[in-house]
Amino acid sequence: MYAVIFIYEIGANLEGYAEMDKLTLELVSTLPGYLGFQKAGDGKNNIFISYWESLEHIDAWRKDPVHKKAKVEGANKWYKRYISQICKVEQSHEMKKEQ
């Protein structure tokens with residue numbers, strides 16, 4: 001599998017951000033090859049990691065018109081800075097205790 005790591009710092013102008021975030025999360029969850037996501041942060045400095053079956057699936061999401069619009073709006077309005085990285089996941093281990 002592959003991970004797309006998106007590290008970002010939110011700017012001051014968040015007009016339309018919440019709506020686009022909701023729309024893109026709903027849309028991406030319907031796409032072939034999408035495996036899920038994890039996110040963390042304090043609301044200002046954040047990391048969002050999405051998981052994919054293949055690079056071809058990531059490329060299809062990159063070319064999606066809604067995602068393209070979100071990226072333009074993000075660069076122009078919502079983000080002070082961001083880093084996007086694609087990584088191949090060689091191994092993954094999870095530990096979870098029942099409470």
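Asp21 sits in helix α1, where helices are DSSP runs of H or I with at least four residues, strands are runs of E with at least two, and both are numbered from the N terminus. Before I go on, the ground rules. This is a predicted model, so local features need pLDDT of at least 70 and side-chain atom pairs count only at pLDDT 80 or more, while totals for chains, interfaces and linings use all residues. Residues are numbered from 1 along each chain as its sequence is written, and side-chain values use heavy atoms, with hydrogens and water left out.

Back to Asp21. Its relative accessible area is 31%, so Asp21 is classed as partly exposed. The scale is this: buried means under 20% relative accessible area, exposed means over 50%, and partly exposed is in between, with a 1.4 Å probe and protein chains only. Asp21 is 14 residues from Leu35 along the chain, and their C-alpha atoms are separated by 18 Å.

Leu25 belongs to helix α1 too. Leu25 has 23% relative accessibility and therefore counts as partly exposed. What does Leu25 touch, not counting residues up to four places away in sequence? The answer is Phe37 and Phe48, with contact meaning heavy atoms within 4.5 Å. Phe37 is twelve residues from Leu25 in sequence, and the C-alpha to C-alpha distance is 9.5 Å.

Is Gly33 buried or exposed? Gly33 is buried, because its relative accessibility is 9%. Leaving out residues up to four places away in sequence, Gly33 touches Tyr51, Trp52, Glu53 and His57. Tyr51 is 18 residues from Gly33 along the chain, with 8.5 Å between the C-alpha atoms.

Now the sheet. As a general point, strands of a sheet pair through backbone hydrogen bonds, either parallel or antiparallel. In this model, four strands form an open sheet in the order β2-β3-β1-β4, and the pairing is antiparallel. The edges are β2, residues 34–41, and β4, residues 79–88, each of which pairs on one side only. From one strand to the next, the twist averages 15°. For that angle, axes are lines fitted to C-alpha atoms, for helices over the stretch in contact, and angles run from 0 to 180 degrees between N-to-C directions. Two strands are taken as paired if DSSP finds at least two bridges between them.

Take the pairs in sheet order. β2 and β3, the latter being residues 45–52, run antiparallel and are joined by seven bridges. Within that pair, Phe37 has Ser50 of β3 as its bridge partner, and Lys39 stands opposite Phe48 in β3. The hairpin of β2 and β3 has three residues between the strands, and Gly43 there takes a positive phi near 95°.

Next, β1 and β3 run antiparallel with eight bridges between them; Ile7 has Ile47 of β3 as its bridge partner. On to β1 and β4: these run antiparallel as well, joined by nine bridges, and Ala3 is partnered with Cys87 in β4. How many residues of β1 are buried? Eight of the nine residues in β1, which spans 2–10, are buried, so the strand is mostly covered.

One more helix residue. His67 is placed in helix α3, residues 65–78. With a relative accessible area of 17%, His67 is buried. Its contacts, not counting residues up to four places away in sequence, are given as Trp61 and Arg62.

Finally, the whole chain. The protein has three helices and four strands, arranged along the sequence as β-α-β-β-α-α-β. Its C-alpha atoms fill a box of roughly 40 × 35 × 25 Å along the principal axes. Of its 99 residues, 31% count as buried. Among contacts between residues at least 6 apart in sequence, 74% join residues at least 24 apart. The protein exposes about 7200 Å², with carbon and sulfur atoms supplying 53% of it; areas come from the Shrake-Rupley method with a 1.4 Å probe, and for residues only the protein chains shown count as cover.

That is the end of my slides.
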